Protein chains: 2
Amino acid sequence: MITVTHDERQPDTAIAAAHQAKNAARTLRTTPSFGRAEALHHIAAALVSGASRILAANSQDLELATAAGLGVSLIQRLRLNPDKINDMATQVCAVAAQDDPIGRLLSATQLDDGLVLHQVSCPLGVILAIIEARPDAISQIAALAIKSGNTVLLKVGTEAKYTAGAVIEIMHDALVSHGVVPPDAVTLVDGRAAIDVLLQKDDLIDLVIPRGSTAMVRSIMARTRIPVMGHAAGVCHIYVDAAADVDMAITILLDAKIQYPAACNSVETALVHASIAPRLLGQLVDRLAAAGVEVRGCSKTQTCVTSRTIRAATSDDWGAEYSDLVLAIRVVDDIDAAIAHIGQYGSGHTEGIVTSDATAAAYFLARVDAAGVFHNASTRFADGYRYGLGAEVGISTGKLHARGPVGLAGLTTYKYLLYGDGHIVASYVGAGARTFQHVPLLVTGPRNEPAAAVD
Amino acid sequence: MITVTHDERQPDTAIAAAHQAKNAARTLRTTPSFGRAEALHHIAAALVSGASRILAANSQDLELATAAGLGVSLIQRLRLNPDKINDMATQVCAVAAQDDPIGRLLSATQLDDGLVLHQVSCPLGVILAIIEARPDAISQIAALAIKSGNTVLLKVGTEAKYTAGAVIEIMHDALVSHGVVPPDAVTLVDGRAAIDVLLQKDDLIDLVIPRGSTAMVRSIMARTRIPVMGHAAGVCHIYVDAAADVDMAITILLDAKIQYPAACNSVETALVHASIAPRLLGQLVDRLAAAGVEVRGCSKTQTCVTSRTIRAATSDDWGAEYSDLVLAIRVVDDIDAAIAHIGQYGSGHTEGIVTSDATAAAYFLARVDAAGVFHNASTRFADGYRYGLGAEVGISTGKLHARGPVGLAGLTTYKYLLYGDGHIVASYVGAGARTFQHVPLLVTGPRNEPAAAVD
């Protein structure tokens, strides 16, 4: 169902699409690894050979966006060219090349003679992804879903309506001609009414992945009982400890602020130990100003910086997600004050410490409760590609299931398979009862060294 | 806060208790493994030495229960004696003896020279457990929480009010005298009003674990945005394939039905391949009848069984959770019909196949989407202790986070710790960009054999 529907038919069409996605998920659950990977290579080839069709659709979206006076950055993200379409295809191939996340043996235990328990990874089922108007996000999420054996209902920002239609149609056709992965594995759904009705369908949809503004994500979370994976805010802090190297602290703070200010993993507040503040803040603020960053500081920050006037931070600045070239700076008395500030204002995304004191670093890393806690590194490293996950569907600040950048593994669950030979529980009860052996059959150890025996 | 509160103060008291639990969780997050285990041994000893106090409180509950005319089975579960208190203490020690679930290195990747990413297990934070009136469940859940570094707010069925008060008071006193685990790690909360307000507090509570009736669990799930771990129903099927051993099938079905009919992992419907039905059903029904099991069969079942009259199954019987000595039987044409029946009526708990045909077993295990799928074994094995998890907080039929029996690992999440030396993302962008190495530093392999090299 790839046709863009009229509003009044959206709910019925969406529910029909969800049923088809669930049926397709039943098939895809047992599609072999090779078939799923090969299907992705077919999709990648189809995207490249369908480039002119995608570009034509993209022009329609761009015309409408320009006519509607949409912002420059949105239009930039929306605009495709042949190189970008090649990149989309390359990303799909990169997902195809990842290790198969399903059918992995996660644990194995011999419960008794002839009674063996396997814990095996398997797909979740049907995913509803609600994403911003970014054409590359469409192919990437579709690829991650197919690779992990899931089917996906995709709602794409309306600004990319025609582009999304063309991309999904090409993927759909590629699946039809390849003939292994069910074409209903990827379906475009359209319209608010469709989303409203799908968010109620916890019998058809296993996971919702919203990507977009904080307000949009919060609204989705409030409207559904289906598990939602994502983050509503990215309020990241970097604490510069008393024992920090000043140059390193400045370099890391600049990278975390200016390398891509709109990213959720950019730093929003610097917390600076009082004893290093006099040596650090003047230089830091000058470097930030040179990079066009506006600083909002606490009164101690204002006192430390004599070279220029610092705008006073208000209580609204602590915990603010600027997503822009603005940095709040607060001087703290000690590491515990920094940890307490993060506990109060952080969003559980990524927090960092800069210090040469290993004990202070360990203290901070153990106590800060966030998806990522970094020592002497930019918060901008919090990303599925940089973590080595290949690609990501998003970054989760929830604690359940998947936390931080979520790649293929986050789109899987597991089931327990028990292999017996007529075993019954009554044999383990009462006089002469058998006892369980519980012998672990798998162990984890350092790479390239014999795994230690477990017992 | 262990005092049983008056209704009008319940919400305030509950919120205060949740704040204390969150503060305690901050401390417990860094309490060493040894300290948590030792605290559990202190609790176990205190339960034994406090037995007379617990028994006195238990008598009060039993008097009230008898006066209120509560059912025999509830009173049985409620009634303690010195042996049962010893068992509670032994269970606490068994949890203490488990491997530490927190601080485990789950993955390790060298991103680049000097830039290493660790994925480390850590506690969730604060758990709200809403449990039935079973004294042993109180000490077991408290032990699992403390062992996994979480703090727990416990709401216990009112029938066990005095017993729960005594048990928690003794645990609390033991924690105070031991002095390592914060005493607020385990807190009793009381009253519906308290639960109502706590279910709204997703800023204070990380996970809700409800244990009890299907109606109670569903009601909790409908009333909160906090993740809920549990199962609303256990509708388990056993499919007897054409190639089943008849004796094995009967033995397994009897065990799964009668060994503990009220358990969520007992079988509710037998699906029988048409070609084996004539040989199987007569014997099966006779054996079930001898064990006091009422059978409700489809028309083909009625035809196959000539020795007695089988009550006709109605559409209400498919998917029914009898939790009693009743079994529905349906004859199916083939394995796909059995899988389709399970897909329609199963609750995703535990499903089984009995067959001597390895291909049929593999086909069934791959296609059935449930927390447990068993070959030639009773569904009653679906249990944390039998799986070797040591103990369980419950069985989850959700797909996210934890599925099936949930032990200590299900009470943990993870965080990513990144160790750098001033690394910034800008170094990996543009001309002369560094490339990521992504060298995995941990591998999983078969026990007692060298782990295979990964790259």
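Analyst: In this predicted model, 99% of the interface residues of chain A are also interface residues in chain B, so the two copies meet through the same surface.

As to extent, the contact involves 67 residues of chain A and 67 residues of chain B. On the side of chain A that touches chain B, at least two residues each come from the strands β1 (105-112), β2 (115-123), β13 (372-377), β16 (412-423) and β18 (442-446), and likewise from the helices α10 (246-258), α14 (358-367) and α15 (384-387). The element that gives the most to this side is β16(A), with 11 residues. Sorted by class, the side of chain A that touches chain B holds 36 nonpolar, 19 polar and 12 charged residues.

Five bridges connect β16(A) with strand β13 (residues 372-377) of chain B, and the two strands run parallel. Within this pairing, A:Y419 is placed opposite B:H375 of β13(B).

Some local features complete the description of the two chains. In chain B, the loop between β14 (394-396) and β15 (404-406) contains B:H401. Although not a glycine, B:H401 has a positive phi, near 75°. B:H401 has 21 other C-beta atoms within 10 Å and is therefore buried, the threshold being 20 or more. A positive phi of about 50° is found in chain A at A:S323, again not a glycine. A:S323 belongs to the loop between β10 (311-312) and β11 (326-332) of chain A. With 17 C-beta neighbours inside 10 Å, A:S323 counts as partly exposed.

The 17 residues of α2(B) reach 25 Å from the first C-alpha to the last, close to the expected 24 Å. The buried residues of α2(B) are B:R36, B:A39, B:L40, B:H42, B:I43, B:A44, B:A46 and B:L47. These buried residues pack against three helices of chain B, namely α5 (82-97), α6 (135-147) and α7 (161-178).

Conventions. Residues are numbered from 1 along each chain as its sequence is written. Chains are lettered from A and ligands numbered from 1 in the order in which they are written. This is a predicted model: local features need pLDDT of at least 70, side-chain atom pairs count only at pLDDT 80 or more; totals for chains, interfaces and linings use all residues. Helices (H or I, at least four residues) and strands (E, at least two) are DSSP runs, numbered from the N terminus. The expected span of a helix is 1.5 Å times one less than its number of residues. A residue is buried if 20 or more other C-beta atoms lie within 10 Å of its own, exposed if 12 or fewer, and partly exposed in between; C-beta atoms are placed from the backbone. Two residues are in contact if their C-beta atoms, placed from the backbone, lie within 7 Å. Ala, Val, Leu, Ile, Met, Phe, Trp, Tyr, Cys and Pro count as nonpolar, Asp, Glu, Lys and Arg as charged, and the others, Gly among them, as polar. Two strands pair if DSSP finds at least two bridges between them.
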